[in-house]
Amino acid sequence: DALWSIGSFSTHGMNPDHIFLLDLPSDQAHQRLVRPHDRMEAKGSTFRERVRQGFLREASRRPDQITIV
């Protein structure tokens with residue numbers, strides 16, 4: 001909820017009508033990365049999977065607003 005609030009604040013209350021989450025297993029996503037890695041990409045597979053799970057968790061909390069593709 002805090003992240004949604006920060007996002008809303010930073011966009012002056014402009015929020016999307018709907019979000020499409022493009023899901024890909026983190027190991028497959030890693031194979032598609034272009035080198036060199038930036039700071040976030042260099043954090044490793046455990047970090048990437050945690051981020052992915054966070055997005056999927058938000059999608060399950062808001063199924064009327066987020067569609068997983």
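1. At 19% relative accessibility, E58 counts as buried, where buried means under 20% relative accessible area, exposed means over 50%, and partly exposed lies in between, with a 1.4 Å probe and protein chains only. The place of E58 is in helix 3, residues 45-61; helices (H or I, at least four residues) and strands (E, at least two) are DSSP runs, numbered from the N terminus. Leaving aside neighbours within four places in sequence, E58 is in contact with W4 and I66, contact meaning heavy atoms within 4.5 Å.

2. On the basis of the work: this is a predicted model, in which local features need pLDDT of at least 70 and side-chain atom pairs count only at pLDDT 80 or more, while totals for chains, interfaces and linings use all residues. Residues are numbered from 1 along each chain as its sequence is written, and side-chain values use heavy atoms, with hydrogens and water left out.

3. A search of the whole structure finds six salt bridges, each being a side-chain nitrogen of Lys or Arg within 4 Å of a carboxyl oxygen of Asp or Glu. One of them joins the side chains of D1 and R62, at 3.8 Å from N to O. Because D1 lies in the segment before helix 1 and R62 in the loop between helix 3 and strand 2, this pair ties together parts that are 61 residues apart in sequence. D1 itself counts as exposed, with a relative accessibility of 58%.

4. E58 forms a salt bridge with R61, and their closest N and O atoms are 2.9 Å apart; the two residues are three apart in helix 3 and so are separated by about one helical turn. R61 is partly exposed, at 44% relative accessible area. D1, E58, R61 and R62 are linked in a network of salt bridges.

5. Helix 3 also holds the pair R52 and E49, three residues apart and therefore separated by about one helical turn, with 3.3 Å between the closest N and O atoms of their salt bridge. Both partners are partly exposed, R52 at 21% and E49 at 24%.

6. Turning to the strands, T67 is placed in strand 2, residues 66-68, and is partly exposed at 29% relative accessibility. Not counting residues up to four places away in sequence, T67 touches H18, I19, F20 and L21.

7. F20 lies in strand 1 and counts as exposed, at 56% relative accessibility. Together with L22 and V69, F20 forms a nonpolar patch on the surface with about 370 Å² of accessible area. Patches are made of residues with over 30% relative accessible area and no salt bridge, like charges being joined within 9 Å and nonpolar side chains (Val, Leu, Ile, Met, Phe, Trp, Tyr) within 5 Å; accessible areas come from the Shrake-Rupley method with a 1.4 Å probe, and for residues only the protein chains shown count as cover.

8. As to backbone geometry, H12 has a positive phi of about 55 degrees although this residue is not a glycine. H12 sits in the loop between helix 1 (2-10) and strand 1 (19-21), and is exposed at 77% relative accessibility.

9. For the whole chain, the elements run α-β-α-α-β from the N terminus on, and 14% of the 69 residues count as buried.
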